Amino acid sequence: MGLEQATGSDNASRTEVAIAILYRDGKFLMQLRDDYPTIIYPGHWGFFGGHLEPEESPEMGVRRELLEEIGYCPPILTLFSRRDNLHLTRPGYFTRHVYYGQLDVELHDLILGEGLDLDLLTPEDVRRGDRYSTRIQQVRPLGPPHQQILLDFMASREGIGSWGVGIGDQASGSGDRIG
């Protein structure tokens, strides 16, 4: 399971989110989160996605969140991982359902509905752990779990081919496709 291991019983309070790794031309779409001190990882680069609504499946949630936050959802999303850990701000557990898919539109066609900026980060940005935002003219860090998820994703895809070709339709069958 990587960075975040399952840490307790399912009877405890659990918060669930669904997030998406969207890639294009060897780069990853990320959101520069708002600077609100009440959110987790304020002012950090992170994935688009968010909390699941009651009775909402992770698949439905990730699609809803992408449409709300950028006005776009890829036709095919594939489950990459489910990561459980202790919640950082309250008792209970936190689950991230991580999906991936190809970004088939230009960056300027996306509508930023939440956050300070959006951009395509290179694998070098991910490894380094930061990215310059042209909108706010500052270098900002990646959220630590987001960076680790991308490092794990890149490592799992080594040797498959270029980022822009074939990943959404990978032949290995290791993910559950939705679309």
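Guide: Two residues are said to be in contact when heavy atoms of theirs lie within 4.5 Å. With that in mind, and remembering that this is a predicted model, we can begin with Met30, which, leaving aside its neighbours within four places in sequence, is in contact with Trp45, Gly46, Phe47, Phe48, Asp117, Leu118, Asp119, Leu121, Leu142, His146 and Leu150. Met30 is also among the residues with the most contacts inside the largest nonpolar core, a set of 20 residues in which Ile21, Phe28, Phe47 and Leu150 share that standing. The elements that give two or more residues to this core are strand S1, strand S2 (27-32), strand S6 and helix H3 (144-156). Apart from this core lies another, of 18 residues, including Val62, Cys73, Leu77 and Tyr99.

Let us now turn to the rings. A search of the whole structure finds three aromatic pairs. In one of them, the rings of Phe28 and Phe153 have their centres 6.2 Å apart and their planes at 85 degrees, and because planes over 60 degrees apart count as edge-to-face, this pair is given that name. Since Phe28 lies in strand S2 and Phe153 in helix H3, the pair ties together parts that are 125 residues apart in sequence. Phe28 is buried, with a relative accessible area of 1%, and Phe153, at 0%, counts as buried too.

Phe153 has a further partner in Phe80, for the centres of these two rings are 5.2 Å apart and their planes stand at 80 degrees, so this pair is edge-to-face as well. Phe80 belongs to strand S5, and its pairing with Phe153 in helix H3 therefore ties together parts that are 73 residues apart in sequence. Ring pairs link Phe28, Phe80, Tyr100 and Phe153 into a cluster, and over the face of Tyr100 lies Arg157, at 4.6 Å from the ring centre.

Finally, we can look at strand S6 (residues 93-102), where nine of the 10 residues are buried, so that this strand is largely enclosed by the rest of the structure. Strand S1 (residues 14-24) pairs with S6 in the parallel sense over 10 bridges, with Ala18 standing opposite His97 in S6. Strand S5 (residues 77-86), by contrast, pairs with S6 in the antiparallel sense over eight bridges, and there Asn85 has Phe94 of S6 as its bridge partner.

Note on methods: Residues numbered from 1 in each chain as written. Predicted model: local features only at pLDDT ≥ 70, side-chain atom pairs only at ≥ 80, totals over all residues. Heavy atoms only, no water. Buried < 20%, exposed > 50% of the residue type's maximum accessible area, 1.4 Å probe, protein only. Helix = DSSP H or I, 4+ residues; strand = E, 2+ residues; numbered from the N terminus. Pairing = 2+ DSSP bridges. Core = buried A, V, L, I, M, F, W, Y, C linked by side-chain atoms within 4.5 Å. Phe/Tyr/Trp six-rings, centres within 6.5 Å; stacked < 30°, edge-to-face > 60°. Lys NZ or Arg CZ within 6 Å of the ring centre and 35° of its normal.
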